[in-house]
Amino acid sequence: MHILLVEDDELVASGIQAGLALHDFTVDHVRTAGAARAALDTLPSDAVILDLGLPDQDGMSLLRDWRATGKAMPVLVLTARDAVPARVAGLQAGADDYLSKPFDLDELVARMHALLRRAAGRAQPLITHGPLRFDPSARHLTWHGETVNLPRRELLLLEKLLHSRSAVLSAEQIKDSLYGFDTGVESNALNVHIHHLRRKLSPGIVQTVRGLGYRLGSVDEL
Amino acid sequence: MSLQRRLLLILGLSFSLLWLLAAFWLQRGLEHRLQDTLDQRLAASARMVGGLVMQLPPDAWQVPGGATLSVPADIGVACQVRDSSGGIFLQTHSALPDLLAGGGIGFHNREIEGEPWRVYTREFNGLFISTADRLTERHALQREILLAAALPFVIALLGSLSALWLGVRRGLRPLARLYSALSQRDPASTEAVDIGPVPDELAPVLATLNRLLHDTGDLLQREQRFTSDAAHELRTPLTAIKTHLQVARRTDPAHADASLAQAEAAVARLQRTLEQLLTLARLDSHEDWPAGAPLKLEPLLRQVRDELPERQRVQLPDTLPDRAPHLPAELAAIAIRNLIDNALRHTTGAVTVQATLRQDDDLLIEICDEGTALDETQVSQLTRRFWRHPSSSGSGLGLAITDAIARRTGGSLALSRRPSGGLRATLRLPAYPASVGKNDRST
């Protein structure tokens with residue numbers, strides 16, 4: 001999953017980035033509200049972690065702007081100021097969740113998963129698709145009741161497809177969410193991952209939509 | 001008790017009391033005068049009858065059989081004429097018994113047939129002339145006169161009481177408005193109190209109140225901002241420490257090192273912020289600072305420069321005033337170090353320091369850099385606690401500390417933009433007399 005982290009403090013940002021990477025999130029870090037606007041327009045971010053104390057603009061007004069222009073991605077607000085009114089204002093400005101600094105890494109990860117799950121319209125923490133069951137926070141996958149251990153990238157690819165359900169994803173979109181925007185990727189790497197997924201699970205798990213991209217195969221083709 | 005009620009009570013009671021006293025006095029006076037006047041009337045009637053009787057021939061009375069001359073009775077004055085033997089010659093009220101029975105000469109009050117009378121008797125050449133008034137009539141007359149006098153009196157009293165009530169209420173209306181405005185507002189509110197036009201006496205009260213409210217509001221706001229800023233500055237490195245430690249524990253040793261190094265950097269920052277906060281707190285509490293030996297400007301500046309990581313970029317002048325700043329050397333060092341440190345942070349070029357002694361024996365220490373161009377608002381914010389330039393990594397406390405030190409010792413800190421860009425910081429500190437202070441730092 002692709003997270004946009006908007007945080008001006010370098011030390012905090014590197015900690016969050018490293019912590020989320022341990023849980024297979026791809027994190028793009030920006031320091032200013034200006035950079036955050038640009039990043040949100042160009043990167044396929046599934047969720048945003050937004051620090052309120054930004055140098056160029058208040059995080060709250062940035063969030064309000066985003067909501068006003070119809071950007072609906074889940075946003076978790078981080079702040080080191082702990083007044084309850086600030087918390088309420090954050091939620092009113094369109095935040096989906098609120099976490100005070102300092103927080104527990106596990107709590108941040110759990111909340112991110114919950115946000116992504118709710119954003120995908122699921123109430124259950126487990127994602128099921130036919131014989132497939134996937135627990136995003138535990139990174140645990142079973143196929144017909146048996147545990148399958150997939151390499152990190154393949155699991156990310158599968159997760160992306162599961163979250164998008166029947167929507168078609170372009171190859172670029174998938175690459176972005178697998179690698180983030182600052183890693184050079186070989187052109188056929190995605191094809192290799194897709195091939196592996198089909199071989200390990202079922203040929204129908206990834207469906208190619210000619211000229212457009214890929215989507216999750218429907219349950220009856222598995 | 002409310003001011004209005006107290007005023008009404010005091011004024012109303014004294015009004016009523018005074019008017020009642022006046023009324024009592026008037027009544028007593030009237031009663032007396034009336035009594036006298038009616039008595040004079042009795043006496044005058046007796047004199048007149050006496051005069052008339054004397055005009056008659058003496059034999060007019062010597063009627064055989066003692067028939068009494070009678071005049072039809074009327075209300076008002078009764079009259080009776082008799083001789084010394086008791087024979088009645090003339091009387092107005094035939095039904096009345098002897099008016100003189102048991103009485104003497106002069107005025108008397110008597111009960112005749114169950115009715116009280118006022119009787120006057122006088123002697124004219126052996127004839128006794130008595131005139132008499134019914135006291136009930138007198139009393140009725142007295143009551144009528146009193147009533148006629150009292151009615152305007154009572155009306156005037158009631159009128160002045162209501163005028164008093166209206167006047168007090170009207171006069172105290174601004175106070176009542178202030179009362180209701182104050183009792184209805186949120187006690188925690190620091191908004192100005194507005195009750196419309198106020199009388200001259202109340203205007204300074206309201207102005208003072210509003211100024212105090214405004215100052216308190218400012219103070220509260222500054223306090224809240226400071227607390228919030230402090231929370232932010234302390235929690236941010238704490239967050240970095242916690243997150244990096246958690247990452248270090250979950251990851252393999254090779255990656256853990258990088259996280260631990262970051263956590264350490266965050267600890268260093270937290271430590272610096274804490275130390276600066278403690279310095280500020282000590283300065284704010286006006287606690288005594290250990291004085292130490294006064295240090296002259298030159299060794300002081302050299303010491304400050306040598307402790308800085310990028311000392312080669314700091315240019316000290318060749319000659320410096322041979323004086324020591326009049327404050328503990330430690331504080332002087334902190335104040336100057338913060339200024340130079342701030343300048344070094346915002347420029348990659350040189351930082352020049354200059355110092356002069358003013359006529360009034362104050363030292364002027366000027367620190368100039370060629371760093372980030374600031375706008376006027378930013379310059380005015382520089383000494384605000386925790387304010388820092390968006391591109392700065394400092395704690396935002398250094399200049400605030402220098403400012404606090406300068407104020408504490410009666411000096412000042414002035415910050416201004418340089419025409420060529422960058423910042424000029426001018427620190428004014430009072431100086432010791434020339435004989436005080438060491439020229440080296442072997443303390």
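Predicted model: local features only at pLDDT ≥ 70, side-chain atom pairs only at ≥ 80, totals over all residues.
Student: How do I read the size of an interface, and what is the area between chain B and chain A?

Tutor: Interface size is often given as the accessible area lost when the parts come together. Here about 2000 Å² is buried between chain B and chain A. Carbon and sulfur atoms give 58% of that area. On the side of chain B, B:H232, B:R235 and B:R250 lose the most area to chain A. Together they make up 27% of what that side buries.

Student: How many residues are in contact?

Tutor: Chain B brings 21 residues, and chain A brings 19.

Student: Which polar links cross the interface?

Tutor: Look for pairs of residues. There are 10 residue pairs in polar contact between the chains. Two salt bridges also turn up across this interface. One of them joins B:R269 to A:D9, with the closest N and O atoms 2.6 Å apart.

Student: Which elements of chain B give two or more residues to that side?

Tutor: They are α4 (203-250) and α5 (253-284). The largest share, 15 residues, comes from α4(B). By type, that side of chain B has seven nonpolar, nine polar and five charged residues.

Student: Now the largest pocket. How much space lies in it?

Tutor: About 1300 Å³. Its lining has 48 residues, and those closest to the centre are A:D8, A:G53, A:R81, B:H232 and B:R388.

Notes: Residues numbered from 1 in each chain as written. Chains lettered and ligands numbered in written order. Heavy atoms only, no water. Contact = heavy atoms within 4.5 Å. Buried area = accessible area lost by both parts, 1.4 Å probe. Salt bridge = Lys/Arg side-chain N within 4 Å of Asp/Glu carboxyl O. Polar contact = N/O pair within 3.5 Å; in protein donor to acceptor, adjacent residues only side chain to side chain. Helix = DSSP H or I, 4+ residues; strand = E, 2+ residues; numbered from the N terminus. Nonpolar A, V, L, I, M, F, W, Y, C, P; charged D, E, K, R; others polar. 1 Å grid on protein atoms, 1.4 Å probe; cavity = no way out; pocket = protein on both sides within 12 Å on 5 of 7 lines; lining within 4 Å. Points joined across faces, edges and corners; volume = space filled by probe spheres on them.
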